[in-house]
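Thanks, everyone; today I would like to walk through how two parts of one chain meet.

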Amino acid sequence: MSKQEFDVAVVGAGFAGMYLLHRLRKLGFRARVIEAGSDVGGTWYWNRYPGARVDIESMQYSYQFDEELQQEWQWSERYSPQPEILQYAGHVADRFDLRRDIQFDTRVAAASYDEKSALWTLKAEDGTKTVARFFVMATGCLSKPNWPQIDGLDSFKGPTYHTAQWPHEKIDFTGKRVAVIGTGSSAIQSIPVIADEAAEVFVFQRTANYAIPANNAPLDQKYEHEVKSRYAEFRAEAKQTPPGIHGRFRQGKALEATAEERQAEYEQRWETGGLSFMGAYGDLIFDQEANDTAAEFVRNKIRGLVEDPDIAELLCPKNIIGGKRLCVDTNYFSTYNRDHVHLIDVEAQPIEAITPTGVRAQGKNFEVDALVIATGFDAMTGALTQVDIKGRNDASLQKRWADGPTSYLGLAMADFPNLFTVTGPGSPSVFTNMLPTIEQHVDWIADCIAYMKDRNYSAIEATPEAEAAWWEHVQDCVVEGLKATTNSWYLGANVAGKARVFMPYYGGFPNYCRKCEEVVAAGYEGFAFA
Ligand code: N01
């Protein structure tokens with residue numbers, strides 16, 4: 001084997017690529033991780049915008065594969081800020097000596113499969129090649145930035161920052177006039193922090209969003225001790241819930257409770273803070289009337305938090321709650337009570353253009369010194385299709401997915417032997433706590449590669465029938481209910497020209513894990529080996 005030939009080539013050194021490298025090494029495989037960034041961390045390496053922090057409690061948003069690691073690491077806050085999560089990724093890389101097998105500052109541009117040799121060749125933008133039997137895309141679900149299509153975007157004379165490609169150095173907005181385009185999670189986290197520094201902030205809102213307070217605080221040491229005293233058990237309990245998150249998920253129906261009971265339940269969840277708000281009743285995302293009760297509760301909270309009733313109404317979302325991913329905020333709505341923070345409604349009348357000096361909307365030029373683009377990601381598929389992947393008989397993944405993705409279990413596709421995706425479309429991924437989900441996928445992939453080695457198999461491929469059946473099931477999971485009724489990035493609706501197909505698996509983490517286990521128990525049912 002020449003220097004650049006490996007058993008496994010992995011693209012991405014985020015939490016998925018890092019753990020995969022560790023597992024593969026333990027199994028005795030030669031693995032090489034190729035990463036576009038200059039260090040580990042993936043999404044937490046790139047998303048450095050002010051206020052970036054996790055929206056799942058840090059005691060859960062962490063690896064569990066190594067007991068010593070999870071015991072020794074101490075989070076400082078209930079929801080850790082981005083720098084601390086990046087520090088954690090670095091700590092894991094140091095602890096398991098991962099960096100020596102990671103090629104940084106290298107962006108993979110293309111990959112092709114040779115059927116005769118059953119090998120993949122990856123080509124990087126700098127021309128370097130990597131050859132490996134297995135090829136794993138560990139590129140994350142939210143990693144390819146989505147830039148808005150607004151006339152004149154390139155003409156702006158001041159600095160333009162995308163939240164998902166934030167510079168490494170501190171950006172000081174002191175005394176500056178700043179425009180923020182977008183009001184999703186990234187904007188909702190960053191606006192209050194930018195407003196603390198800037199002289200004026202202009203927020204351009206196309207769709208108002210639901211946000212539940214994080215009620216973030218220094219991590220309660222008693223709670224930390226309690227969790228750590230039974231971490232494995234705690235993680236196992238989390239795995240039994242639909243999103244794989246430890247918490248209270250009630251099955252009851254909202255409309256079977258009295259108005260007073262509902263109010264008390266929502267109030268208590270609002271006080272607790274965070275994503276568990278949607279766990280109040282089992283039917284919130286299935287029944288419009290039930291959903292209305294939770295949506296109106298949040299709208300009333302917004303009306304109570306925002307002093308100007310007209311601004312408050314503009315900030316009240318009109319769509320269902322939980323259709324788009326819920327946001328978790330710190331002081332977002334109350335930031336609009338500050339005199340220098342302005343909300344510009346661009347729902348009915350889109351932004352007309354970016355000019356050299358600002359943003360033109362509502363027939364007016366809003367003059368600013370800096371632009372913050374918080375327009376999210378080409379989610380689920382963007383990071384996969386930006387690499388020109390060619391499988392058996394030159395099958396192109398880009399072309400295959402032009403009308404929307406399909407996959408078997410979010411792990412593999414027919415005609416692409418020995419290619420695995422970690423948390424690909426068709427996996428529960430973004431509906432779950434990503435860290436345990438990543439670990440489950442990585443374990444499945446590593447075990448599969450080891451299984452093949454034991455049996456001298458050179459190639460594995462999902463059968464077209466298994467892929468079609470799984471994809472039908474993925475779609476069936478959202479036929480009933482409201483989840484797919486909102487224009488969201490789950491559907492690809494946020495990217496101009498992208499096919500509208502519901503991409504993540506909404507059947508719950510336990511059902512997904514069970515299916516993966518059954519597939520293995522049946523000798524990798526739905527896969528063909530060569
Ligand atoms: O992106 P988004 P994001 N003119 O797509 C608007 C995760 N995440 O980066 O809704 C004006 O949610 C767009 O408007 P509309 C999390 O899973 C997690 O904020 O399309 N506006 C929307 O308001 C999250 O869901 C955390 O009408 C335009 C915004 O831009 C996901 O990443 C933190 C526009 C984009 O919102 C994505 O979040 C951050 C235009 N031309 C992110 N084009 C945590 O808390 C788009 N918009 C861990």
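Predicted model: local features only at pLDDT ≥ 70, side-chain atom pairs only at ≥ 80, totals over all residues.

Between domain 1 and domain 2 the count is 1 salt bridge, meaning a side-chain nitrogen of Lys or Arg within 4 Å of a carboxyl oxygen of Asp or Glu. That salt bridge joins Arg325 to Asp55, whose closest N and O atoms are 2.9 Å apart.

Residues are numbered from 1 along each chain as its sequence is written, and side-chain values use heavy atoms, with hydrogens and water left out.

As for the bounds, which come from an automatic or database domain assignment, domain 1 covers 3–144 + 378–529 and domain 2 covers 153–373. The C-alpha centres of domain 1 and domain 2 are 27 Å apart.

How many residues of each domain are in contact? With contact taken as heavy atoms within 4.5 Å, 47 residues of domain 1 touch 52 residues of domain 2.

The size of an interface is often given as the accessible area lost when the parts come together. Here the buried area, that is, the accessible area (1.4 Å probe) that two parts lose on being put together, summed over both, is about 4200 Å² between domain 1 and domain 2, and carbon and sulfur atoms give 52% of that area.
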